[in-house]
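Biologist: I have a new model open and would like to go through it. Let's start with a pair of helices.

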Amino acid sequence: MNIAHSIQSIDFLTAFSESVLAYPIVLSTHLTCIALFGGMILMTNLRLLGLTFKSLTITEMVTGFRPWKRAGGTVMIATGMLLAASEAEKYAPNPYFWTKMIVLGLIGVHALIFRPIVYNQTEELDRSPTIPTRARVAALLSLALWIAMFTMGRLIAYWEGYEG
Amino acid sequence: MLLQNAIADALNNTEWAFPLAECIHIGGFAVGIGSIALVDFRMLNLGLRHETAARILRYTEPWTLIALVFVLFSGAALFLSQTNIYLMNLIFPLKMYVLLAALIYNFTVHRKVAAMENPPPVLSKVVAIVSLLLWVSVVFGGIFTGFLE
């Protein structure tokens with residue numbers, strides 16, 4: 001717990017977690033990103049599953065949202081780090097927090113696996129008469145990972161093991 | 001009253017029911033607001049430029065509607081589980097007014113302008129910005145309900 005205690009004792013993090021307004025504002029920003037970019041992730045994946053946006057090519061969907069998703073992801077991670085670090089002692093023993101971090105890692109693995117064979121091959125996918133299985137698998141896994149992500153995020157607040 | 005008690009009992013006496021309703025609420029607003037935001041981003045000329053806003057609205061609207069139904073029902077269940085706490089809250093009533101405004105706006109002004117063939121660019125942009133502001137305010141209202149009592 002020492003490291004966790006040292007982290008949350010950093011002056012500006014202490015000030016942050018004790019501020020009446022700053023903490024909820026950053027948390028709201030974290031959730032606003034989920035709302036704004038959740039829609040992009042969902043629609044991109046639904047397009048890969050062939051369920052909607054059929055008049056747009058997969059290339060347009062994937063590349064069109066890429067800069068937005070990157071910006072959104074950066075804000076999400078930055079605000080998330082601020083939230084977790086300011087209450088590091090509470091988060092360190094919380095199993096839901098670590099499950100969420102594992103899911104985050106799996107999202108990275110998903111990107112490593114599927115970026116070269118799906119998301120960077122969209123023109124090939126657009127030429128194919130039917131959407132290949134690997135694209136559908138990528139989409140379904142992506143959806144499952146994001147659902148796990150926000151579910152674990154919410155459950156962090158419910159763990160009662162910490163007595164501080 | 002009877003229904004309210006039944007819902008409150010279910011959410012308060014089952015350990016996982018309240019967090020489950022919250023997760024449905026979050027997942028629902030992510031999809032609902034996210035799909036509306038796609039139309040707004042298009043109206044602001046920020047993405048999906050190969051397609052008209054009207055067409056994007058047609059694609060996203062069914063998902064918006066389904067998601068909003070989930071958000072409203074899970075939200076109502078959360079509210080009914082502890083009505084007195086929400087009614088005494090300073091922020092919650094504000095959130096409800098903004099939500100009402102956002103819903104009415106979305107299905108009247110926003111829908112009409114998004115579906116227009118050639119809307120004046122300024123009109124499109126103003127309508128999209130108001131839409132984004134309204135929905136982001138609803139999200140902030142939800143979080144602040146939990147923080148300022």
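Biologist: What is the handedness of the crossing of H3(A) and H8(A)?

Modeller: H3(A) and H8(A) cross in a left-handed way. Left-handed means that the near helix is turned anticlockwise from the far one by less than a right angle, and clockwise would be right-handed. Helices here are DSSP runs of H or I with at least four residues, strands are E runs of at least two, and both are numbered from the N terminus. This is a predicted model, where local features need pLDDT of at least 70 and side-chain atom pairs count only at pLDDT 80 or more, while totals for chains, interfaces and linings use all residues. Residues are numbered from 1 along each chain as its sequence is written, with chains lettered from A and ligands numbered from 1 in the order in which they are written.

Biologist: At what angle do H3(A) and H8(A) pack?

Modeller: The angle is about 155°, and the axes of H3(A) and H8(A) are 8 Å apart. Axes are lines fitted to C-alpha atoms, for helices over the stretch in contact, and angles run from 0 to 180 degrees between N-to-C directions. H3(A) is therefore roughly antiparallel to H8(A); the cut-offs are under 35 degrees for roughly parallel, over 145 for roughly antiparallel, 65 to 115 for roughly perpendicular, and oblique for the rest.

Biologist: Which residues of H3(A) and H8(A) make the contact?

Modeller: H3(A) contributes Ile34(A), Ile41(A), Asn45(A) and Leu48(A). From H8(A) come Ala135(A), Arg136(A), Ala138(A), Ala139(A), Ser142(A), Leu143(A), Trp146(A) and Phe150(A). In contact means C-beta atoms, placed from the backbone, within 7 Å. The contact of H3(A) with H8(A) has nine nonpolar, two polar and one charged residues. Ala, Val, Leu, Ile, Met, Phe, Trp, Tyr, Cys and Pro count as nonpolar, Asp, Glu, Lys and Arg as charged, and the others, Gly among them, as polar.

Biologist: And the whole chain, how many helices and strands does chain A have?

Modeller: Chain A has eight helices and zero strands. Its C-alpha trace spans about 60 × 25 × 25 Å along its principal axes. Chain B has six helices and zero strands, and its C-alpha trace spans about 55 × 25 × 25 Å along its principal axes.

Biologist: How many residues does the contact take from chain A and from chain B?

Modeller: Chain A gives 28 residues and chain B gives 26 residues. On the chain A side, H3 (22-48), H4 (58-86) and H8 (133-155) each supply at least two residues. The largest share of that side, 14 residues, comes from H3(A). By class, the side of chain A that touches chain B divides into 18 nonpolar, eight polar and two charged.

Biologist: Over to chain B. How far apart are the axes of H2 and H6 there?

Modeller: In chain B, H2 (residues 17-43) and H6 (residues 121-147) have axes 8 Å apart and pack at an angle of about 160°. H2(B) is therefore roughly antiparallel to H6(B). The residues of their contact divide into ten nonpolar, two polar and two charged. Among them are Phe29(B) and Ile33(B) in H2(B), and Leu132(B) and Trp135(B) in H6(B).

Biologist: How about H2(B) and H3(B), what angle do they pack at?

Modeller: About 155°, with the axes of H2(B) and H3(B) 7 Å apart. H2(B) and H3(B) are therefore roughly antiparallel to each other, and H2(B) passes H3(B) in a left-handed crossing. The contact of H2(B) with H3(B) divides into 19 nonpolar, nine polar and two charged residues.

Biologist: Where does H3(B) bend?

Modeller: H3(B) bends by about 40° at Thr60(B). The bend is the angle between axes fitted to the seven residues ending there and the seven starting there. A proline, Pro62(B), follows within four residues.

Notes
Contact = placed C-beta atoms within 7 Å.
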